[in-house]
Amino acid sequence: QGLNRPRVPIRVELNDYYLAQFTVTNKMYREFVKATDHRKPEGKLVDFYWASSSGATWELAGFKADNLPVTGIAQGDISAFCEWLSKKEGRKYRPATIYEFEYANRAGTDTLFWWGDRPDTRKMNYGVSHIGHPTPVGSYPPNPWGFYDTHGNVWEFCADNGRLWAMGGSFNSPQRLTGADVWANFHDSPPLQLLSTGFRLGCDASEGRKRPSDLAEPTVLATRPSGP
């Protein structure tokens, strides 16, 4: 497994898409586990120096609250959740791609973070925050396009050519492992299921149109102010 930054920027063309405001929460994932009898999340907690412990997410005080992002999940869990929710809501959900996530994370900026080039404990939960576990989704200010926790809190699994890469950093990431361009290959065999890694839902623009059954406050937002 490795933590990396791209060596050079590349030009990417994206189709219109929608992305969830927040990462998937324990509350959402519990509904899925209850409905399908899917396995409960569990994984390792790895610190800056790769010393680790392990545990079941919903048995740990700093990880089990309903409004925290679900962690301790792997690629198969994410696929099963998206399939279940897509059938339930009639909208085809999927993880964002790595480029979709970075585009929404940057929100029209070209700096390392959407607010500038240095991490800020007032805007993100990372190692220097000394919290040591995820914070409730939406605890920190959203970026200019309305997306929460795109920096820090938990790594977010994003898709690329059939594999998932973790983006965004987490509550136990040191400064050098934060920023819009950092990514981790936690999917390598055997895959790491980390208590610092979750995911966020996305969908194609054609699937994101508003429906009568949607909540009054959106959970899926356009990835730029003018539209999808």
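## Confidence of the model

The pLDDT is the predictor's confidence in each residue, on a scale from 0 to 100. It applies here because the structure is a predicted model. The protein has an average pLDDT of 86, and 84% of the residues reach a score of at least 70.

Helix 1, which covers residues 26-36, has the highest value, at 97. Strand 11, covering residues 220-222, has the lowest, with a mean of 51.

## Secondary structure

Three helices and eleven strands are found in the protein. Their order along the sequence is β-β-α-β-β-α-β-α-β-β-β-β-β-β.

## Burial, contacts and surface

The protein contains 228 residues, of which 50% are buried. The accessible surface amounts to about 11,500 Å², and carbon and sulfur atoms account for 52% of this area.

Contacts also link parts of the chain that are separated in sequence. Of the contacts between residues at least 6 apart in sequence, 74% join residues at least 24 apart.

The structure has two cavities with a volume of 30 Å³ or more. The second largest cavity has a volume of about 40 Å³.

Which residues line the second largest cavity? The lining consists of Trp114, Trp115, Lys123, Tyr140, Pro141, Asn143, Phe147, Asp149, Thr150 and His151. Sorted by class, five of these lining residues are nonpolar, three are polar and two are charged.

Note on methods. Residues numbered from 1 in each chain as written. Predicted model: local features only at pLDDT ≥ 70, side-chain atom pairs only at ≥ 80, totals over all residues. Heavy atoms only, no water. Helix = DSSP H or I, 4+ residues; strand = E, 2+ residues; numbered from the N terminus. Buried < 20%, exposed > 50% of the residue type's maximum accessible area, 1.4 Å probe, protein only. Contact = heavy atoms within 4.5 Å. Areas by Shrake-Rupley, 256 points an atom, 1.4 Å probe, with all protein chains shown as cover. 1 Å grid on protein atoms, 1.4 Å probe; cavity = no way out; pocket = protein on both sides within 12 Å on 5 of 7 lines; lining within 4 Å. Points joined across faces, edges and corners; volume = space filled by probe spheres on them. Nonpolar A, V, L, I, M, F, W, Y, C, P; charged D, E, K, R; others polar.
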